[in-house]
Each structure stands twice: as C-alpha cells, then as structure tokens.
Amino acid sequence: MNPPVLELRGVRKVYPGTPPVEPVAGISLTVHSGELVAVLGPSGSGKTTLLNLAAGLDRPTSGSVLIAGRPIERLSDRALSGLRAHRLGVVFQQFVLLDHLSAVENVATGLLYRGVPAHARLVKASAALDRVGLGGRTKHLASKLSGGERQRVAIARALVGAPDVVLADEPTGNLDTATGAALLALLQDLNRDGTTIVVITHDRTVAAAAPRRIELRDGRLVHDHRSPL
Amino acid sequence: MNSRLRAADVIPVATIGLRTRRGRAALSILGVTIGVAALVSVLGLTRSSQAELLARIDALGTNLLIVANGVGASGVESPLPATSAVTIARTDGVLAASATAALPGLHVYRNDRVGAGRHGGLAVRAADPALLSTLDGELAAGVFLSGPASLYPAAVLGYDAAQHLGIAGVAGPPLVWLGERWYTVIGVLRPLELAPEIDNSALIGQPAAAKDFGYDGHPTRIYVRTETERTFDVRHLLPRATDPQNPVAVAVSRPTDALDARLAAADATTGLFLGLSAIALLVGGIGIANVMVIAVLERRTEIGLRRALGATRGHVATQFLVESVILGAAGGTLGILLGGGVVYALAYQQNWQPLIPPAAAVGGLAAAIAVGALGGLYPALRAAYLPPTEALRSA
C-alpha cells in the first residue's frame, strides 16, 4: 500500500461553552496516496470540522493530525502554513475566488505562498485550467464565470501545486445536478491520474462515486467502507 | 518547505484592495493629503517670504540707526541739542551722521491757491547735504541739496511728496509753495524704505530754513551709519553722545528691527499652522485606520482563503500593513505636490522666489508613511490573528 498522506489518530475537537460542543469526538483515519475518499454524514456530524483539521486550518483539542507524516499540533504557524502551501489543496463549497482577478490569476494564487515567480505561476496555472477543461477561459474574470466554471477554477487552484492530497468540502453543493455530475466525473478523472482526493459530502450519489466511503455521525466514524476494485 | 511570499509579490498582493475599491482608497488618503499639503505649504511659504525679507534686510543694511527725542508727544518730533549731530559724528564706530529737523507748522503745497488745511500731511524738513549718502538714497531726478543750494530757496522732494504734488521731474523747473514762500524743486528722491518720513517731506537747506523760517539749529531726527559689527555697541553710546545732560530722553531705533520683527512673527505663525497640519495628518491617519478596519471585516473570506493557500500570519499582516503604508505614501506624495503647487502659486502672486525646504518634503512624506503604518497596524494584526476557520465561515 502507498504511504499515508494524511493520518488522524484519536482526534477530538471541543469548542468551549455551556455546554461545550464536541463536533469531532475521537476519530482515527488514514488516507493513503492515490485514494479517492468520500466522507459522508448528515449536517452537524462533524464533516467540516474534520476537513478544517485535516487541512491544517484548525488544531485538535486532543489526538494527533499528521500531514505528510508531521503532527500539526506541534508545528509553528510558519511551519503549518508551509504544509498547507506545499502539501495540501482545498476546494470550498462556496468556491472562494477573488472576483476581480481572472481565472488564470486565481489559479496562480495557489502557488503564491510557495515562492514561485509570477511568470512560472501563470504558466502552471494555465496548464491546470487546461486540465479541468477551462483552457479557453483563462483571461475571463472570475466574477464572469458560471457556477460550474467557478468550481473548476477552484479545483484547478487546489491542483496547481500537485499537492499530496486535495480536500474538497461539498464541491457539488452549490451546483445543479448536471454540473455536479460533470464535476464529479472530473474528480474521478483526476484521481485516476494519481491525485489523492478526500471529498466531504452529505450527498449519497457523490459518495457512491468514491471507492472508499467513510460515514460520520455525531462526531464519530461509524462506517469505513471500501468498494472492491 | 516553509511558506514563502516573494518580495516582488508583496506590492501586487497589497494593492489588490486598493485596485478594487478605488473610490474608497482615494477618499481615505484625502486626510493625509490635506495634512501634508498644509505642512509643505506652510513651511514653503514661510521660507519663501523669509527669504524675501532677508534679502531686503541685506540690501538695506542693518547698520542704520535713527536718533530722536523720545520724550515728545507721539507723532510730534521734539528738538535735540543743537550740537548733537557733531557729537554723534565723533562717537567711536560712527561712519556718518546727518541731521534733519521737522519745521513745525510748515507744509508744502503745489501752489499758493491750495487751502492751508489741504497739505496732505506733507512736511517740510531742514536737511544737511550729507543726508542722501547717509541714507544710501538715490535721486529719481535732478540733484540733492549741496552747500550753495542750501542757501537758496531750493527744495528736494521725497518720493511720496512728489507723487502727491504731481511732480515727476525737475524740468521747468517746477515751483512749490511752502506756505509763505516759493521754492524751486531741484531734485526728486526715490523711495527710502528705512526712512518713510523723508518720503513725504520736502527737504530744504538748513541755512535757507534759518533765513526763511527761523530754524534755530536744533535737529529733531539724526540718521547715523555705523560700522556694521559695532552697531549694537554704538546704539548704547548714542544717547549720552546726543544729550549728555539728559540721555534718557534720547530714543535710538534701528529701522530694520521692524523687518526682524516680521521674521519673528512669521516664525510664530508657522508654529501655529504646523500644529494644525499635524492635527490634519492625525485625522488622516485615523481615517486610514478606519478604512483598514472595515477592509479587514469585508475581506475575511479572502484572509481565510490566503491562510488556506499557505499564507502565514506574517504574510497576512504584511499585506494589510503595506496596503495602509501605500495609502499613507500616496497621500503624502499628493500632499507634497498640492502643497508645492500652493507655494509656487502664492510665491508667484507675491513676487517671491518659491522655496520648499527639502526637509519639509522629506519630513512630510515620512510623516505620511508613519501615519499610514500606525493606522494600519491594528487592522493588520487583527487580520493576522483571525482564525482561518472563522474567516472562512463567512464565505
């Protein structure tokens, strides 16, 4: 089996308050290079908190999150930011593009914090847009693109640095069925080419497309199912 | 494998907010622009006007002293001892001394038909022939009183007096009526900046004054040129030299003191206006801080995205801090241009040489940048310490 790119060991996340909220209540999980994993669960099951922890955007209350083998709870802001810049790609449900920049400039920001020179960023961004089927829309302003196109730009931005793993939070959540299906096909295609992808979703159709499905309920992992290859 | 933002990318990243919200950026730099413009124009105008005053003082010379009787009622010249011109001339450090005497009740008219009350304030003075050189004066026309001319009814008109009487030259020659007698105008003076009382007088010789108007030989005002470096010492010697019996009654003044006072007054107003400029700058800085706080609130999602893409807290802080420094610097640059424009326009209007002290321009820009940095510090730190998950929640 390929080496693990992401590992969670007994991870808990507790937000203080009365009563305290515990969206992630002890999850252990290993994602290996080349996998396409769907994390499935209803609203409030802890999916987004899990993604934030896996993306190094938040730190666990207890347990350990290892990105590329390094436990993030012991890293400085600078080192953790470095892991996000070099090892991870994130796709948000709301796309989160910079509307006043063109498609290619948005994708290029995926390499901004790696210290890649501007010209090289644009060349790689162009190639990434080609890969997601938006080669003809590079100069368009992000604000002028359709929802499906915006999500493809967001995926290209996550892919452009060839990260160890791409984490996608409800990537089809804001898209109509047909566009969502096309996007799902794109994710499968990227996975076949070797990209490790973790998709967070509450949509069983999306989850069904993944060879490995993890189900969460009340902050716990209740099911980890692999389809026979 | 650390996160890294290239130096060449800092400015493009920091100007994203400015490029997308141009109107707001323009308004937010207005306060700083006004502050720096005020600073530069106040310092520039002060320097330009002072340069003009200093040039005038230099041209006039600071070694002219005027001796008068300090006891007389205001505006009326009282007599000094008859020998005072001679004793002053013998004082150590004195280069020249020239006596004049206002002849009381005597005025100069264009002709004998003008009513006695309509003299326009033009006085008649007895003067000695050395007066012109002592005052460093110049003639616009004709000649000054000489030894022989002093004996006869000949007059030299001060600049204002000649203007008032409508006499431009000595061709003719023109005659003037001194109330009791006709006098021939033999010369007209150019303006004397340090002795305006001469400008509106008709000067006649002392012997003629004695013969025609009973002048008793007591001068009322003596002009003294000193060795420049000894002017201060001589000033203190003159009262006793003038009237050994009653030195306290003698008043010695230096006419360039009035110009010096104007220099000092200009300095005092400069301080006041600089204070106001500083307040405008401060208000501008608060404006920038305000705009930056709003920008951080509005751009939470962008901050979250940048953190997700690998930006460190330092990168986020740098982005917002550089943005506000750019606002300050832009305000400062515009302020220098605006202030410089004001200085050039006013200097042109006043016929001064426009001077902008380099320190004012450099200091103004530095102050604007500092104001931008201070105004941006708190918003930048707020942006940097915004947890990425919280920032992205608003997406």
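**Entry 1: the sheet in chain A**

I started with chain A, where four strands make an open antiparallel sheet in the order β2-β1-β4-β5. Strands here are DSSP runs of E of at least two residues, helices are runs of H or I of at least four, and both are numbered from the N terminus. I count two strands as paired if DSSP finds at least two bridges between them. β2 (21–32) and β5 (70–71) of chain A are the edge strands, each pairing on one side only. Inside the sheet, β1 (residues 4–15) of chain A runs antiparallel to β4 (residues 62–67) of chain A, with five bridges joining them. In that pair I found A:E7 opposite A:L66 of β4(A). Helix α1 (residues 47–54) of chain A packs on this sheet and touches β1, β2 and β4 of chain A; its direction makes about 55° with that of β2(A). The angle is between N-to-C directions on a 0 to 180 degrees scale, with axes fitted to C-alpha atoms, for helices over the stretch in contact.

**Entry 2: ground rules**

This is a predicted model, so I keep in mind that local features need pLDDT of at least 70 and side-chain atom pairs 80 or more, while totals for chains, interfaces and linings use all residues. Residues are numbered from 1 along each chain as its sequence is written, and chains are lettered from A and ligands numbered from 1 in the order written.

**Entry 3: where A meets B**

I looked up the interface next: 26 residues of chain A are in contact with 24 residues of chain B (contact: C-beta atoms, placed from the backbone, within 7 Å). Helix α2 (residues 77–87) of chain A gives the largest share of chain A's side, eight residues.

**Entry 4: β7 of chain B**

Chain B has 14 helices and ten strands. Its radius of gyration is 35 Å, well over the 21 Å from the globule rule for 395 residues, so chain B is more spread out than a compact globule. The radius is taken over C-alpha atoms, and the rule is 2.2 Å times the number of residues to the power 0.38.

I then picked strand β7 (residues 182–189) of chain B, where six of eight residues are buried (20 or more other C-beta atoms within 10 Å of the residue's own, placed from the backbone). β5 (residues 154–157) of chain B pairs with β7(B) in the parallel sense over four bridges, and B:L157 stands opposite B:V188. β4 (residues 139–142) of chain B runs antiparallel to β7(B), with three bridges. β6 (residues 175–177) of chain B is also antiparallel to β7(B), again over three bridges. In the β6(B)–β7(B) hairpin, B:G179 takes a positive phi near 90°.

Notes: Contact = placed C-beta atoms within 7 Å. Buried ≥ 20, exposed ≤ 12 C-beta atoms within 10 Å, placed from the backbone.
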